[in-house]
Amino acid sequence: MRTLHAADEVRLTWTAEPIKDGAVAVERDRVAAVGTLEELRERFPDARVRRWPGVLGPARIHEGPLPDAPSPRERIHAVLKSGAVAVLEEYAGTPELRAAADRNDVVVLPRTQPAAIRQTGRADLAVFTETGECIATVCSGRLVHRRR
């Protein structure tokens with residue numbers, strides 16, 4: 001099923017100019033298109049629309065030690081709640097943490113890299129308030145965190 005993730009602003013990178021009333025079309029685990037919500041609704045009339053308050057952009061890379069939690073699974077979930085869908089290899093070195101990352105489609109990277117939304121790229125998105133609080137995280141096309 002195709003989903004349009006829409007927000008007040010969409011940014012292809014966190015330093016890019018915003019697309020006002022923008023949206024990202026996600027099909028399975030890939031970005032199908034980016035544009036205004038109006039353009040994407042015309043292009044994909046049968047898509048489900050998820051409207052988010054705030055700014056939607058690329059999911060982040062967690063660049064430090066993983067948050068403390070009772071289990072590897074909960075440590076990975078804490079990363080997802082922060083708007084990140086990737087961790088650095090140096091901080092995910094145990095087999096248990098790598099297994100938890102794999103089960104949740106969290107990418108383990110050898111080094112940091114720029115985060116960006118790219119057409120046909122993996123659908124890794126995050127929505128943040130003006131104060132930087134994560135509202136939602138989409139990891140490989142799946143909604144994995146939504147602030148209640």
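## Exercises: from one histidine to the whole fold

His 145 sits in strand 10 (residues 142-146); strands here are DSSP runs of E of at least two residues and helices are runs of H or I of at least four, numbered from the N terminus. The model is predicted, so local features need pLDDT of at least 70 and side-chain atom pairs count only at pLDDT 80 or more, while totals for chains, interfaces and linings use all residues. Residues are numbered from 1 along each chain as its sequence is written, and side-chain values use heavy atoms, with hydrogens and water left out.

**Exercise 1.** Decide whether His 145 is buried or exposed, and list what His 145 is in contact with.

*Solution.* Start with the cut-offs: buried means under 20% relative accessible area, exposed over 50%, and partly exposed in between (1.4 Å probe, protein chains only). His 145 has a relative accessible area of 12%, so His 145 is buried. Next come the contacts (heavy atoms within 4.5 Å). Neighbours within four places in sequence aside, His 145 meets Leu 80, Lys 81, Cys 134, Ile 135, Ala 136 and Thr 137.

**Exercise 2.** Describe the largest nonpolar core and find the elements that supply it.

*Solution.* A nonpolar core is a set of buried Ala, Val, Leu, Ile, Met, Phe, Trp, Tyr and Cys residues joined through side-chain atoms within 4.5 Å. The largest one has 17 residues, and Leu 66, Ile 76, Val 79, Leu 80, Val 85, Val 87 and Val 106 have the most contacts inside it. At least two residues of this core come from each of helix 2 (72-81), strand 6, helix 3 (95-103), strand 8 (125-128) and strand 9 (134-139). Now zoom in on Leu 66: beyond four places in sequence, Leu 66 touches Arg 75, Ile 76, Val 79, Val 87, Tyr 91 and Leu 97. A second, separate core has 14 residues, including Val 24, Trp 52, Ala 123 and Ile 135.

**Exercise 3.** Work out the overall fold and how compact the protein is.

*Solution.* Count the elements: there are 3 helices and 10 strands. Their order along the sequence is β-β-β-α-β-β-α-β-α-β-β-β-β. The radius of gyration (over C-alpha atoms) is 15 Å, close to the 15 Å from the globule rule for 148 residues, so the protein is as compact as a globular protein of that length. That rule is 2.2 Å times the number of residues to the power 0.38. The C-alpha trace spans about 45 × 30 × 30 Å along its principal axes. Finally, 43% of the 148 residues count as buried.
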